[in-house]
Amino acid sequence: MAIFYHLTFVLGWLILSALSVSGRPATFFQDFRITWSGNHIKQIDAGRAIQLTLDRNSGAGFASKSKYLFGRVSMKIKLVPGDSAGTVTAFYLNSDTNNVRDELDFEFLGNRSGQPTTVQTNIYANGKGDREQRVNLWFDPSADFHTYTILWNHRHIVFYVDDFPIRVYKNNEARGIRYPRMQPMGVYSTLWEADDWATRGGLEKIDWSKAPFYAYYKDFDIEGCPVPGPANCASNPRNWWEGAAYQALTPLEARRYRWVRLNHIVYDYCTDKSRYPVTPPECLAGI
């Protein structure tokens, strides 16, 4: 399938700039750059999909050429199959501003064959993170491509697996809770070795006899306000992602979200009294 990049820049009454692209078959390197180990990134289907490789020598990573302030980012990923313990496949947004960074993370933690795959999400706002939640996926994410999405607007941040919201983080700045809204973020992905913590807290180590490990990506979709770009884009309430339909979960999404939380969440920092004897304020503010 072709990769479609949608870069929607809204000016005034929804005027699309010449940079907006809709429905064109683009190659990966038109909109992304390699951040490390280019010899571990392989183009597939004339560059419309890519393969990342992890072996004893290196993992690999890539990033968008532009940063964005608010919008929606999604990509289809097929994760490392078989015994992937100790590996991490990550898809995230990052402001790349060190101690005051904003960051929104998907981290897919490798597993021993036959065990469920765990996805960890995390949120950093102005340098404050440590907001991990973990969900066991209800399907085999290495058998086929699945869509992973981050919606980010002034109201809330929603992490989606296919059409299922698995995490919601509301803007509660009025209650003194940090929310990422000032710093543009780039889109990043990496495949790397982290067997000191990734699988069962580091108890399961990577089996290098199973290397090399591969993860596959396609259908990248970025819709947001580019920075640098039109100065009033990020504050424009007529951006589609700021519309009424995206200010809260739909009734169907809310039911799916409850189902995930009841049946598949395996760790939530909000309830970890060993780390947080006093419940973090955002956990009390509701979703």
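Is Cys-283 buried, partly exposed or exposed, by relative accessibility?

Modeller: Cys-283 counts as partly exposed, at 22% relative accessibility. Buried here means under 20% relative accessible area, exposed means over 50%, and partly exposed lies in between, with a 1.4 Å probe and protein chains only. This is a predicted model, in which local features need pLDDT of at least 70 and side-chain atom pairs count only at pLDDT 80 or more, while totals for chains, interfaces and linings use all residues. Residues are numbered from 1 along each chain as its sequence is written, and side-chain values use heavy atoms, with hydrogens and water left out.

The partner of Cys-283 is Cys-270, and the sulfur atoms of this disulfide are 1.9 Å apart; a disulfide is a pair of cysteine sulfur atoms within 2.5 Å. Cys-270 lies in the loop between strand 16 (265-268) and helix 3 (281-284), whereas Cys-283 lies in helix 3, so the pair ties together parts that are 13 residues apart in sequence. Helices (H or I, at least four residues) and strands (E, at least two) are DSSP runs, numbered from the N terminus. Cys-270 counts as buried, at 16% relative accessibility. The link of Cys-270 and Cys-283 is left-handed, with -75 degrees about the S-S bond.

The structure holds 2 disulfides. Cys-225 is joined to Cys-233, with an S to S distance of 2.0 Å. The torsion about the S-S bond of Cys-225 and Cys-233 is about -75 degrees, so this disulfide is left-handed. Cys-225 is buried, at a relative accessible area of 1%, and Cys-233 is buried at 0%. With bonded cysteines counted along the chain, the disulfides follow the pattern 1-2, 3-4.
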